[in-house]
Amino acid sequence: MPKHRPLTCLLLAASATVSAYPRSDLPSTTFSHKDWELVCDNTRTCRAAGYNEEDDGPNATLLLTRAAGPHQPIKVELQLAEDERHPAPDQLAMRIDGRAVGIVRIEPKSSMLTLTDAQMRALLPVLLKDGRIAWTGQGTTWTISTAGANAVLLKMDEFQGRLDTLGALVRKGSKPESSVLPPLRAPEIQAGPVSQDKPPSSLPRHRPARSKPRCARP
């Protein structure tokens, strides 16, 4: 089981819009195995997160996002934990099994590092075997464990109906992409009627507004 449970703020925030008002007739799932975990919301969009191994350098999270439906691309992002001892640089050199696969640059607005298509294609096969994935910058190296990735990505394929299709991540086959499950519409939230008989009430002055919960640092 991942050491960063409950699910990272990253996963929760990404899923909040569509799952804040879940419906029992719409599918969703969560799954975890070793250093990886999965959240699929009720539109069939899935997000898988992998972490570094215990005591293997500073903390990092690798996030794979894929929407439902045929021919959907995979977005891969890296998030570095806030750590005064290991501040995040503007860019990192990425290496897979010791082989250089280019530079990953941080996005100032989101504090995330997004992999290029070429880096993503190099990464995916390594996640399914016992390879080493690392990013280095300013003398610090961040790594992501592959333990559990195979099982989690297989579960993602299963939930989205991609097993044995050309676009599957794990169990590829010859089935056409047209057989993949389609995306589902996010549930619509309808406001209830507002009474016009009396003015809206307000919070007492002595009661402070409730602040949003803060996620603990890893």
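Predicted model: local features only at pLDDT ≥ 70, side-chain atom pairs only at ≥ 80, totals over all residues.

User: How many aromatic pairs does the structure hold?
Analyst: Ring centres must lie within 6.5 Å to pair. In this structure, the number of such aromatic pairs is zero.

User: Is strand E9 largely enclosed or largely open, and how many of its residues are buried?
Analyst: Strand E9 covers residues 133-137 and has five residues. It is largely enclosed by the rest of the structure, because most of the strand is buried. The number of buried residues is four.

User: Which residues stand opposite Ile133 of E9 in strands E6 and E10?
Analyst: E9 runs antiparallel to E6, joined by four bridges. E9 also pairs with E10 in the antiparallel sense, over five bridges. In E6 (residues 91-96), the residue opposite Ile133 is Ile96. In E10, the bridge partner of Ile133 is Ile144.

User: Which residue in the hairpin of E9 and E10 takes a positive phi?
Analyst: Two residues lie between the strands of this hairpin. A phi near 50° is found at Gln138.

User: What is the nearest side chain of opposite charge to Arg44, and how far away is it?
Analyst: Arg44 sits in the loop between strands E2 and E3. Arg44 is buried, yet has no salt bridge. A salt bridge needs the two charged groups within 4 Å. The nearest opposite charge is on Asp41, at 8.9 Å.

User: Which residues beyond its sequence neighbours does Arg44 contact, for example among the prolines?
Analyst: Neighbours within four places in sequence are left aside. The contacts of Arg44 then include Arg66, Phe159 and Leu181. Among them are also the prolines Pro27 and Pro182.

User: Is Gly173 buried, partly exposed or exposed?
Analyst: Gly173 lies in the segment after helix H3. Its relative accessibility is 27%. Buried means under 20% and exposed means over 50%. Gly173 therefore counts as partly exposed.

User: How far apart in space are Gly173 and Arg162?
Analyst: In sequence, Gly173 and Arg162 are eleven residues apart. From C-alpha to C-alpha, the distance is 9.2 Å.

User: What percentage of the protein counts as buried?
Analyst: The protein has three helices and ten strands. Its length is 218 residues. The share that counts as buried is 42%.

Technical notes. Residues numbered from 1 in each chain as written. Heavy atoms only, no water. Buried < 20%, exposed > 50% of the residue type's maximum accessible area, 1.4 Å probe, protein only. Lys, Arg positive; Asp, Glu negative; His and termini not counted. Contact = heavy atoms within 4.5 Å. Phe/Tyr/Trp six-rings, centres within 6.5 Å; stacked < 30°, edge-to-face > 60°. Pairing = 2+ DSSP bridges.
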